[in-house]
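This report concerns the salt bridges of one protein model. Please consult the sequence and the structure shown here while reading.

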Amino acid sequence: MGAAAAQAVTAALPGTAPPPLAEPRPLGEPRTWPRDFTDRLTAPLPGVRALARIAREGKLRPAPETLEQIQQLPFEPGPMPDAVPSTIALTWVGHASWVIRIGGLTVLTDPVWSRKILGTPARVTPVGVRWEDLPPVDAVVISHNHYDHLDAPTLKRLPRDVPLLLPAGVGTWARRRGFMQVTDLDWWEAVELAGPGGPVRFDFVPAHHWSKRTLTDTCRSLWGGWVLTAPDGRRIHFAGDTGYGHWFEEIGRRYRDIDLVLVPIGAYDPRWMLRPVHTDPEEAVRACQDLGARILVPMHWSTFLLSAEPPLEPLHRIRAAWAATGRPRSDLWDLPVGASRVLEES
């Protein structure tokens with residue numbers, strides 16, 4: 001077990017107070033990382049038998065008779081809201097890609113503007129925001145190095161001086177591609193970026209997932225999510241790509257009063273294979289409750305068809321699961337691709 005994981009286990013013992021948040025680290029700090037992060041896995045990776053079973057069953061794409069639902073996937077592009085330093089706003093580009101406006105900064109999460117990525121069918125809904133309509137980008141956060149989250153063709157379109165905030169071990173990949181402001185972090189570490197409204201804090205937090213980009217680099221870099229804290233203390237948790245598990249409760253203990261959680265609700269079928277790494281809609285609602293977050297923002301569906309559930313099923317199930325909690329319908333931001341929402345100031 002790594003030091004960060006051991007710290008979390010100790011902190012989560014009943015009756016113990018959460019540890020104080022880490023002091024922000026220097027931007028662009030050179031780091032030395034372990035050879036791999038397999039000790040951070042919370043479930044075994046699929047072995048040869050699992051891969052043979054999935055090949056035999058052929059259940060990694062929706063059934064052909066459900067594909068007509070693609071025409072009904074919600075897509076409502078519109079202008080992004082005006083953003084002043086006090087604004088917190090989200091615009092869904094699709095999949096796990098968001099334009100976040102916070103503290104006067106424009107932040108991209110896991111930006112994928114490509115029509116197709118390696119190993120997947122082409123996207124089934126267009127990109128929600130045209131690249132030429134983006135405001136100047138102040139930072140990019142990446143959850144992990146899978147191709148549908150770390151998209152080299154999209155990153156190549158960015159200025160090389162844009163700050164990239166990355167999981168531990170991904171910094172070398174970015175520097176080789178000419179990026180000059182690269183910071184990679186371990187779990188529970190943080191940096192701050194100056195904004196017109198004051199410093200915006202970015203904390204890298206755990207997730208139930210894994211990493212791999214080539215045949216020889218399984219778990220050689222870390223994976224996780226991000227907690228973004230505005231100068232006025234409002235918080236967004238971008239959960240990245242994750243299964244359901246204990247980390248949500250621990251993140252909620254450490255980062256109180258999360259306003260928005262962006263959490264996956266797609267790519268979950270078959271459950272015997274995907275449960276450890278992808279939350280289904282009901283688990284996404286549980287994760288929101290574990291975090292103590294007020295507003296749930298579903299993502300990671302309606303863009304790339306990566307698994308066997310029918311295209312519209314995640315939307316129907318998240319609405320039903322949310323309704324079952326009795327929480328206000330207005331606190332489920334089930335946005336269409338391309339749509340925006342502003343968090344009202346409290």
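The sections below describe the basis of the model, its salt bridges and their surroundings.

## Basis of the model

The model is predicted: local features need pLDDT of at least 70, side-chain atom pairs count only at pLDDT 80 or more, and totals for chains, interfaces and linings use all residues. Residues are numbered from 1 along each chain as its sequence is written, and side-chain values use heavy atoms, with hydrogens and water left out.

## Salt bridges overall

A search of the whole structure finds 21 salt bridges (a side-chain nitrogen of Lys or Arg within 4 Å of a carboxyl oxygen of Asp or Glu). One network of salt bridges links Arg271, Arg275, Asp280, Glu282, Glu283, Glu313 and Arg317.

## Pairs within helices

Helices are DSSP runs of H or I with at least four residues, numbered from the N terminus. In helix 2 (residues 48-57), Glu57 and Arg53 lie four residues apart, about one turn of the helix. Their salt bridge has its closest N and O atoms 2.8 Å apart. Glu57 is partly exposed at 35% relative accessible area (buried means under 20%, exposed over 50%, partly exposed in between, with a 1.4 Å probe and protein chains only). Arg53 is also partly exposed, at 32%.

Helix 8 (residues 313-325) holds Arg317 and Glu313, four residues apart. The closest N and O atoms of their salt bridge are 3.1 Å apart. Arg317 is partly exposed at 24%, and Glu313 is partly exposed at 25%.

## The Asp334 and Arg329 pair

Asp334 forms a salt bridge with Arg329, with 2.8 Å between the closest N and O atoms. Asp334 is buried, at 15% relative accessible area, whereas Arg329 is partly exposed, at 44%.

How values were computed. Helices (H or I, at least four residues) and strands (E, at least two) are DSSP runs, numbered from the N terminus.
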